[in-house]
Amino acid sequence: MQKVVTSCILFFLLNAPLFAQISPRYKDKNAPVEERIDNLLALMTLEEKVLQMNQWAYGHNANPNNIESIMREVRPEIGSLIFRSTNPEYRNQIQKKAMEESRLGIPIICGFDVIHGYRTVFPIPLAQACSWNTDLVKQSCSVAAKEAWLSGIDWTFSPMLDVARDARWGRVAEGYGEDPYANATFAIAAVHGYQGDTLANKYTIAACLKHYLGYSLSEGGRDYHYSDVSNQTLWETFMPPFEAGIKAGAATVMSGFNDIAGVPASANHFTLTEVLKNRWGHDGFVVSDWGSVKNLIDQGVAKDLKESGLKAFMAGVEMDMVDNVYVDHLPSLVAEGKVPMSSIDEAVRRILRIKFRLGLFENPYVDVVAEEKRYLQKEDLQLAEQLAAESMVLLKNEKETLPLKSSFKNLAIIGPMVKDSVHIMGSWEGQGRPQDVETLWAGLNKEFKGKAKLHYAQGCDYDGEDTTGFAAALAAAYQSDAVIVFLGEKRNWSGENGSRSTIALPHIQEQLVAALRKTGKPLILMLSSGRPLELIRLNKLADAMVELWQPGTCGGSAAAGILSGRINPSGKLAITFPQTTGQIPIYYNMRQSARPYSGHYQDIPRDPLYWFGHGLSYTTYSYGPVHLSSTTISKAQRIIAEVEVTNTGTRAGKETVLWFIADPVANISRPMKELKFFEKKTINAGEKTIYRFEIDPIRDLSYVDSNGTRHLETGDYFVLVNDQKVKFELIE
Ligand code: GLC
């Protein structure tokens, strides 16, 4: 025996240099990811594991809502950074610390809010949804990913998928409107745009579906609040976009601030584990929203930081954003036996899995290219202008006021938005810079150069009571053939912590329009906002109105092109415009009331000012009769619905057809109708095209109950398109 031991020791000593050469399995890029994770976990200490579950912030904090607790010296073992610098060399320097100064060389994943662009700022997501162009949305996310990747970012906290329900809530700007199917469809486009074909590719970044879950029902539209959301609404309205994003391969999810009917989103085992992981099979990780772990104390479900860390972690939050609760308290919770080491390992496994899939172990550094090669590339700016143009919605156009007549040689250009280069980018502008923005004024001067003289007057500020600018505005109007007024919101009037008690524009802006109405000139309102606006009064004053939203870096030319007629508007509302703030909540997919023709507000019209799906064009379309391949189908069959659309106008246009299904009688009440498919196509003047919707009973006719169980009931259904409603029957 002694001889065996001696010879083994001798063998090892003689071959020690060789053993030192054999790197651990987790560094073998050809080994299966799960085996690499197994090997790495076995080598990690508890402290190293817990540090992987933490995200700190790095760089200047431009977000006033996220108060920096302390700026910490970056430890090489930290799991993630919110990386706010645009300098890839900083990122590489920090990453070098992680790769070379830590014991195991685990790369840091750098995240940032790339919400609607990085340096090239695209329209806000709510605007993008109004384009109904999923391909443009996907391309915009791909451009954003490339610009971010070249700046050192591996991970974006996007797309935001909170189905809109209350326009007082400023964050309706960040999502894709009031319909679950639309949010789900754009979620898929965004995830594919950000993540590309594989996460390990250059210029791709990990997506993050947020804010999971039910955040948009934040009570009264006040941000960060209690959400009295039923399980039925969770399953039917708020979960579908997240399930679609997960199925599309989204790498991560962010838990929200809101309290989901008594159990906060960041401590909700049902949503974070039972549904997200066990039912949908999500194998990435969940990051908390900024400080939402420690906010569990404010929400009254944790007595101290330690308990907030316990509750968030055991519910299914794998990474703690910036409040350091996990670093400070998980080790002792493990030591006390309250947190099993196996749970720690599973959480770290999920984080490492995304890091391996991103290829960070093999390629921890980004290519450093010259700034002029990183951002604002010509083709990307063209894409931004196209998406801006297709997002804008022609709400009203009496007497064909628009496009402006070529005989108009003098145009009054009025309003606080005209020369703005900040608010036009909207909230969450990323690394967008005002100096990169083409203002509305710049776009107008380019568009009407040599065609019309522009007479500018600001008229008024966004808010306040100063009417001294009205005189100059009126003077400009009287010497012009038409008056175009650019009104709107400041960018911080929407977005996070951007709740407003009214969605009307400040009175001073309405006063300016009322004064200009008296000139009798054609009056066009161009509105820039991050939410639907209360337009009940302005609608009566304007001959034409266009919702520009917050169009980003290239909004100027897009808006000018719509005024001149170079661009035929094709946007349709992805969110309803109420008559007044008091009409909220109102959305197209509501349930029928017990008395459909009464019980409405007595002081305003029953219907909203503009419904979901509303949007005019400079051409006209005629819809032929909807044709169904059959009016009776079994559950195993499909039915083809077709409608022929003719462009009966004098110019080409892009028409979006929205297909809805209504289920008038079921075991539970159902929304009056639900969007199930949409398609946007170009139709030249005088030409026609067929739009087709293949109805799949399980996908399109079933409903989910409050337990998440899906039901498909036989009986009558309707397919609705434009102003048609056609019945068909489902049999066993
Ligand atoms: C914010 C937002 C969230 C964002 C995060 C990081 O508070 O709620 O949407 O991604 O913090 O900035």
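**Loops, packing and burial in a predicted model**

Colleague: Where is proline 159 placed?

Modeller: Proline 159 is in the loop between β4 (155-156) and α7 (180-195); helices (H or I, at least four residues) and strands (E, at least two) are DSSP runs, numbered from the N terminus. The peptide bond that joins serine 158 to proline 159 is cis, with omega about 10°. This is a predicted model, in which local features need pLDDT of at least 70 and side-chain atom pairs count only at pLDDT 80 or more, while totals for chains, interfaces and linings use all residues. Residues are numbered from 1 along each chain as its sequence is written, and side-chain values use heavy atoms, with hydrogens and water left out.

Colleague: Why are α11 and α12 called roughly perpendicular?

Modeller: Helix α11 (residues 305-315) and helix α12 (residues 325-335) pack at about 85°, with their axes 9 Å apart. Axes are lines fitted to C-alpha atoms, for helices over the stretch in contact, and angles run from 0 to 180 degrees between N-to-C directions. Angles under 35 degrees count as roughly parallel, over 145 as roughly antiparallel, 65 to 115 as roughly perpendicular and the rest as oblique; α11 and α12 are therefore roughly perpendicular.

Colleague: Which residues of α11 and α12 meet?

Modeller: On the α11 side they are Leu305, Lys306, Ser308, Gly309, Leu310, Ala312 and Phe313, and on the α12 side Val325, Tyr326, His329, Leu330, Ser332 and Leu333; contact means heavy atoms within 4.5 Å.

Colleague: What makes asparagine 324 buried or exposed?

Modeller: Buried means under 20% relative accessible area, exposed over 50%, and partly exposed in between (1.4 Å probe, protein chains only). Asparagine 324 has a value of 8% and is therefore buried. Asparagine 324 is in the loop between β11 (320-321) and α12, and has a positive phi of about 65° although it is not a glycine.

Colleague: What joins the side chains of tyrosine 703 and glutamate 713?

Modeller: A polar contact of 2.3 Å joins them. The term denotes a pair of N or O atoms within 3.5 Å; within protein, one must be able to donate a hydrogen and the other to accept it, and residues adjacent in sequence count only if both atoms are side-chain atoms. Tyrosine 703 and glutamate 713 are ten residues apart along the chain, and their C-alpha atoms are separated by 8.8 Å. Tyrosine 703, in strand β25 (residues 703-704), is buried at 4% relative accessible area.

Colleague: What is known of the burial and contacts of glutamine 431?

Modeller: Glutamine 431 has a relative accessible area of 16% and is therefore buried. A polar atom of the glutamine 431 side chain lies 2.8 Å from the backbone oxygen of arginine 84. Glutamine 431 lies in the loop between β13 (410-414) and α16 (440-448).
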